[in-house]
Amino acid sequence: MRSSLKLTKLGWIALTCFVLSLFAFIYLSPFIRSFVASFMTWEQASRYPPEWIPDPFTLENYMKLFKLELFPRWIFNTALYAGLIVAGNIMFSSMAGYAFARLKFPGRDALFSALLALLMIPIFVTLVPNYIIIYRLGLIDNIAGLALLSLANVPSTFLMRQYFLSLPQEVFDAARIDGCGPIKTFFYICLPLAKPALGAVAVYQFLGAWNAFLGPLVFLRTPENFTLPVGLSFAFQRSMWTEYTPIIAGSLVAAAPTIVLFIALNKYLIKGIVIQAGKG
Amino acid sequence: MSKSHLFLSQKMKSLLEKRKSREALEALILISVVTCLNMVFGYFAAAFAFYLSFFKWDYIGPMEFVGLKNFMVIFKDLWRGISGAYFFQAPFYTGLKNILLYTAIVVPTQTILAMILAAFANQKIKGVQFYKVSYFLPAVTSPVIIALIFIWLFMKQGYINYMLQFVAPGFAPDWINDKSYLLYAIALVAIWGTSGHFMVSFLAAMQSIPRDIYEAAMLEGAGPIRRFIYITVPMLKPMIVYVVVLGLIGALQMFDLAWVMAGSNGGPGGAGYTMALDIYNEAFINLRPGVAAAKSIFLFALIFSVTYVFQKKYKVMVR
Amino acid sequence: MARVFLENVVKKFGKVVAVNHVTLEVKDKEFMVLLGPSGCGKSTTLRLIAGLETPDEGKIWIGDRLVNEIDPTKRNVAMVFQSYALYPHMTVYRNIEFPLKMARVPKEERRRKVIEVAKFLGIEDLLNRYPKQLSGGQQQRVALARAIVREPEVFLLDEPLSNLDAKLRVKMRFELRRLLHDELQITTIYVTHDQVEAMTMADKIAVMNAGKIMQVGSPIDVFEKPANIFVAGFIGVPPMSFFEGTLIEKQKSLFLDLGSVLFRIPKTYYSALHPHVGSEIVMGIRPQDIKVTLEPQEDSYEGKIVGYEPLGTETYIHFTINGTKEYIAVIPRGMRISLKRKVYWKSNPQKLYFFRKSTGEAIY
């Protein structure tokens, strides 16, 4: 009896490990396959059955990428865009999140609900009007104009508000009594205390901006101003290279910052998912 | 400084001394940027889209009020589609049909897969963090980049067909160029790309289920499968609703993957055409912003009613 | 230094009236304790004085300034919170320095003052630590230091001892009183639900219940002359025993009709109680003033023990008189008692309290 129980338990563990490993393979192998292939010639990468050892080992694909003058520009543009979005969201969403969480002013809750309700509106509804607004502002084909659209996102504000609500009210009261007005409290107390939440906002906004496609596609016009996702899909559709391997190499370069960031910060990111999901 | 100016500044100062007004004023400053940007790019834009849907316009000339004509364009398109017209005569219908099929495949599959994987990972096993990271990795990568990589992996003589021959010998379609497989290829990529994210959500929800409930069930003789069905799934209901609603919202306005894998014209026979692509084309290729606005309102209504009905049915509200 | 005066102050949260027409005067240098059960509005009253809440009605003065509309930063009050509310990202030094920095005190002076206060409270060794590296008692001192350093006109404390362990609480009770009242002589308002703290520390106690002030007076006053049933029942350990009944007069003597027993009311109370003959009244006796014996004695009544709590130095017994209503008495240790045993009790005739049943107001 006891040994059979132990046996079924062992069986379960074996099954678990098998399933988890199988899916780890499924999720990871496209990355590994691409990574390996990026060092192959296109002739070898397209061979069937697939080969795993680059022979000859070549950096030609990466060289081709950087020979194209546009590619470094795309990296720069993407970094600039992501930088603006991260900076804007850290600044503005923490300010607003604090005000919505801890200050009293008329219409506060109604306004916050109104902002949250915006999350229900698909981006495609506001796309055309926003295109017209940005066009009228003369900011089409301009990274700054594109960034303006998501400089202060509702989800970041929501996350910051939740964070400030989780801090004890007494600390804010103490600051008021010690002579801080609301704005001073924000700079002296809130910002230093909000580092973990600010980190989460920064990482999410970075990922969102770095990977963004629709916005850059619509609001950026000339290839010099493209971001990596738009640029790479442009390069692919225009067949800028006769071979596919530079596209793969370019994709890996474009994905590298997010992958590195994720592997370095995965604990915080996953925790952030938990917090976000917690509201549901 | 003039006298009235001085008076005004004194009045301002006394206003600032006052507790309530000062707090409100400073709060207003703090929320100003978030509020202004979202009011303009959110509410004003949405209202403008609604307004636009009643006008004929080409971005340059004068706007011409056409009443419900833009919506008639949609319904005529749908009607032609239902009557069996080809893709190019009924693009909106094709996009709608495709996206509904795509959603029906992607949302249940990714939800169930995520839940099962989470259940497996929610055990005392070494290396859970490794699995979580592996599963999550696609979710932090740009859909465009994923699509570019998968175009190559999906080639006729590609990696995926190679792996498939071990599972289903002889099954080797030309995924991207065959109109009967394109949408499924896109759906597979979407499932691959998002299920890891939801798996982490489920895992977190499972870990918050108190251990003693499981222990009680174990004492009553429930095995792992029955524990999963009778305890885990019901306790996860709010999280399931959350994941399904997020999945629905994402799937119904799918754009990036289709754009890259099918192209803006929807690929062979419009097999990869979606509503989102159609709205984009209407707005920026056909230059009919009024029709695009009408179509986007249709999309909004679709997403809103589907998610609303689902939440109503399961009586859990997700913001 | 300043007096604090609240006039008819009302504060509502939605439909809940947290503070209901409170009028309270705290004299200069006085140590006032707001005492009451949780949710009675005492903390809200304190927050109103601090300016953290705005009153819906009424006026609040600090010194001779009407502060209703004045920002908390400008009121020159200091507050110590229940959780101490130290800034977790600042060292002890920075915590204490913070209010001075906000008041734009020059750096050198800030330094001098922080060190002076730290020495005064014996925490000069902790200045470079962070709050989470401190024990509860140390955090308490830092919170005090942060409040004292600004030399406020009024000192507000919101249950400052309730997060400390019992032993430290007793020690800090003495220290706080000595520090704030005897040495610094600052007007202090202290909120607590612990009557021992109130009795030992206060110059004056304001007993609050359901948003209203029930009685204000010295500790001895509220103990000896409770203004109503609530105060009588709230103050004193164990709580006062209440005997309800109709007041009747027989042969020039007053009796309380307790149903099965007629309790003879001593002559001293005759003139005060006489106008209430025929009405329902409540008689209160402190458990310490009920004498319980095993044998009958003169003027004693029968009772039955339904429970007892031996405390070591003395024992509380719960007894009934032919009914379900329980009364408490204190008996000396060593008395042989057991459950359901018949006992005899009599009261100290000097220490009876009488209240109107309808309003709870004290008659005598």
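**Chain C against chain A**

I looked up the interface of chain C and chain A, which buries about 1,800 Å², with carbon and sulfur atoms giving 60% of that area; buried area is the accessible area (1.4 Å probe) that two parts lose on being put together, summed over both. On the chain C side, Tyr87(C), His89(C) and Met102(C) lose the most area to chain A, together 29% of what that side buries. I note before going on that this is a predicted model, in which local features need pLDDT of at least 70 and side-chain atom pairs count only at pLDDT 80 or more, while totals for chains, interfaces and linings use all residues. Residues are numbered from 1 along each chain as its sequence is written, chains are lettered from A and ligands numbered from 1 in the order in which they are written, and side-chain values use heavy atoms, with hydrogens and water left out.

Counting contacts (heavy atoms within 4.5 Å), I find 27 residues of chain C against 18 residues of chain A. The rule finds five salt bridges across this interface, a salt bridge being a side-chain nitrogen of Lys or Arg within 4 Å of a carboxyl oxygen of Asp or Glu. Ten residue pairs of chain C and chain A, both at pLDDT 80 or more, are in polar contact; that term means a pair of N or O atoms within 3.5 Å, where within protein one must be able to donate a hydrogen and the other to accept it, and residues adjacent in sequence count only if both atoms are side-chain atoms. Helix 2 of chain C gives the largest share of the side that touches chain A, four residues; helices (H or I, at least four residues) and strands (E, at least two) are DSSP runs, numbered from the N terminus.

**Asp178(A) and its partners**

Asp178(A) meets Arg150(C) in a salt bridge at 3.9 Å, N to O, and Arg146(C) in another at 3.5 Å. Arg146(C) lies in helix 4 (residues 136-148) of chain C and Asp178(A) in the loop between helix 9 (169-177) and helix 10 (182-193) of chain A, so the pair joins two chains. Both Arg146(C) and Asp178(A) are buried, on a scale where buried means under 20% relative accessible area, exposed over 50%, and partly exposed in between (1.4 Å probe, protein chains only).

**Chain B against chain A**

How much area is buried between chain B and chain A? I find about 8,900 Å², of which carbon and sulfur atoms give 78%. Leu30(B), Phe41(B) and Trp152(B) supply 9% of the area that chain B buries against chain A, more than any other three residues. In contact are 94 residues of chain B and 103 residues of chain A. The salt bridge count here is one, and Arg176(A) forms a salt bridge with Glu23(B), the closest N and O atoms being 3.0 Å apart. Helix 2 (residues 19-52) of chain B gives the largest share of the side that touches chain A, 26 residues.

**Salt bridges within a chain**

Over all chains, the search finds 29 salt bridges. Among them, Asp203(C) and Arg177(C) meet at 3.3 Å, N to O, and because Asp203(C) lies in the loop between helix 6 (195-201) and strand 9 (204-209) and Arg177(C) in helix 5 (residues 166-183), the pair ties together parts of chain C that are 26 residues apart in sequence.
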